[in-house]
Amino acid sequence: MTPDAPFAGRGVLVTGGSRGIGRAVVLAFARAGADVAFSFRQDRRSADAVARAVEELGRRAVVRQSDSADLEAAAGWVDEAARELGRLDCVVTSAGGTGSIGWEVPRAEEWTGLFRTHVVGPYATVRAAAPHLRRTKGSAVLVASIAGLLAYPEEIAYATVKAGTISLARSLAFALAPEVRVNAIAPGWVRTDLTRALYDDPRARGAIERAIPRGRWGEPEDIASGVLFLASDGARFITGETVAVDGGELLAWRIGLER
Ligand SMILES: NC(=O)c1ccc[n+]([C@@H]2O[C@H](COP(=O)([O-])OP(=O)(O)OC[C@H]3O[C@@H](n4cnc5c(N)ncnc54)[C@H](OP(=O)(O)O)[C@@H]3O)[C@@H](O)[C@H]2O)c1
């Protein structure tokens with residue numbers, strides 16, 4: 001292990017690693033010396049571009065199309081990735097997106113779809129990775145959201161389910177202790193495809209910026225930086241914790257309070 005490559009010789013698995021926050025996490029680990037396996041759901045072109053970028057950094061990339069909402073599929077590819085990488089030191093679950101806007105969500109399928117993506121998928125992934133992580137005394141980081149820490153009626157199903165992601169990290173931290181640490185990271189507003197419509201709307205973009213004490217939107221690399229910290233030896237006594245990476249927005253929550 002060198003200061004420039006603290007994850008050299010390590011194997012990392014990321015769900016939803018082809019775009020946005022997951023992509024930044026994949027590239028940050030590769031820059032830090034790790035070989036990386038990652039999944040995507042449908043956009044193979046983006047996945048291939050990320051794999052090429054990892055290989056240009058001199059690291060191995062293992063890519064797999066796998067719907068993280070599918071429990072059996074999620075479990076299956078973890079073993080395969082661990083075999084191909086030779087070891088697994090960290091698992092990051094980032095796959096997923098949001099639901100409809102507003103507090104009324106009449107379709108049960110939307111609730112169950114979000115629950116499968118943000119709770120069942122991460123659970124299945126960490127469960128399958130547990131024997132590998134126990135061997136390496138590794139860790140898992142679940143990407144949640146500050147929406148799961150707040151009252152957020154604007155996306156009620158998403159917020160409720162992300163609270164489930166946070167709860168899952170706490171329970172898994174107990175279940176897999178003492179060998180494996182499990183934490184959640186809770187991003188605030190991050191500039192990705194998921195939030196592009198709001199970012200492209202000058203009024204919405206400005207309102208959000210004003211709600212963030214650091215005065216800007218998050219970049220995917222801001223979240224990746226937090227993930228790498230939680231996966232690092234520097235976080236060796238941190239488990240079951242949720243770390244907000246939101247530019248201070250939780251301190252000054254006011255978006256959506258106007259009626
Ligand atoms: N952006 C934000 O402001 C923000 C804030 C808080 C939390 N988050 C959370 O951060 C995570 C990543 O969001 P993002 O902004 O990076 O989104 P994004 O830019 O839309 O990227 C989503 C990634 O997840 C993959 N994915 C989506 N559903 C999947 C599934 N069912 N199975 C496997 N892969 C799937 C996508 O693959 P394909 O392209 O192949 O579909 C893509 O690689 C999500 O959990 C989101 O809830 C985001």
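## The shell around the ligand

α1 gives the largest share of the shell around the ligand, 3 residues. Helices and strands here are DSSP runs numbered from the N terminus, with at least four residues (H or I) for a helix and at least two (E) for a strand. The structure is a predicted model, in which local features need pLDDT of at least 70 and side-chain atom pairs count only at pLDDT 80 or more, while totals for chains, interfaces and linings use all residues. Residues are numbered from 1 along each chain as its sequence is written.

In total, 30 residues surround the ligand, and the closest are Gly16, Gly20, Asp43, Ala95 and Thr192. The elements that give two or more residues to this shell are α1 (20–31) and β2 (35–40). A residue is near a molecule if its C-beta atom, placed from the backbone, lies within 6 Å of it. By class, the shell has 9 nonpolar, 16 polar and 5 charged residues. Ala, Val, Leu, Ile, Met, Phe, Trp, Tyr, Cys and Pro count as nonpolar, Asp, Glu, Lys and Arg as charged, and the others, Gly among them, as polar.

## Overall build

The protein has 8 helices and 7 strands. Its radius of gyration is 17 Å, close to the 18 Å that the globule rule gives for 259 residues, so the protein is as compact as a globular protein of that length. The radius is taken over C-alpha atoms, and the rule is 2.2 Å times the number of residues to the power 0.38. The C-alpha atoms fill a box of roughly 55 × 40 × 35 Å along the principal axes.

Of the 259 residues, 48% are buried. Buried means that 20 or more other C-beta atoms lie within 10 Å of the residue's own, exposed means 12 or fewer, and partly exposed is in between, with C-beta atoms placed from the backbone. Among contacts with a separation of 6 or more, 74% join residues 24 or more positions apart; a contact needs C-beta atoms, placed from the backbone, within 7 Å.

## The sheet

The 7 strands form an open sheet with parallel pairing, in the order β3-β2-β1-β4-β5-β6-β7. Two strands pair if DSSP finds at least two bridges between them. β3 (61–65) and β7 (242–245) are the edge strands, each pairing on one side only. Neighbouring strands are turned by 15° against each other on average, direction ignored.

Helix α8 (residues 220–231) packs on the sheet, where it touches β4 (90–93), β5 (139–143), β6 (181–187) and β7, and its direction makes about 165° with that of β6. Axes are lines fitted to C-alpha atoms, for helices over the stretch in contact, and angles run from 0 to 180 degrees between N-to-C directions.

## Strand β2

In β2, 6 of its 6 residues are buried. Asp35, Ala37 and Ser39 point one way from the strand, and Val36, Phe38 and Phe40 point the other way.

β2 pairs with β3 in the parallel sense over 5 bridges, and the bridge partner of Phe38 in β3 is Val63. Strand β1 (residues 11–15) runs parallel to β2 and is joined to it by 4 bridges. Here Leu13 stands opposite Ala37.

## Loops and the end segment

A cis peptide bond, with omega of about 5°, joins Ala177 and Pro178. Pro178 lies in the loop between α5 (156–175) and β6. Lys137, in the loop between α4 (108–136) and β5, has a positive phi of about 55° although it is not a glycine. Lys137 counts as exposed because it has 12 C-beta neighbours inside 10 Å.

Leu251 lies in the segment after β7 and is exposed, with 10 other C-beta atoms within 10 Å.

How values were computed:
Contact = placed C-beta atoms within 7 Å.
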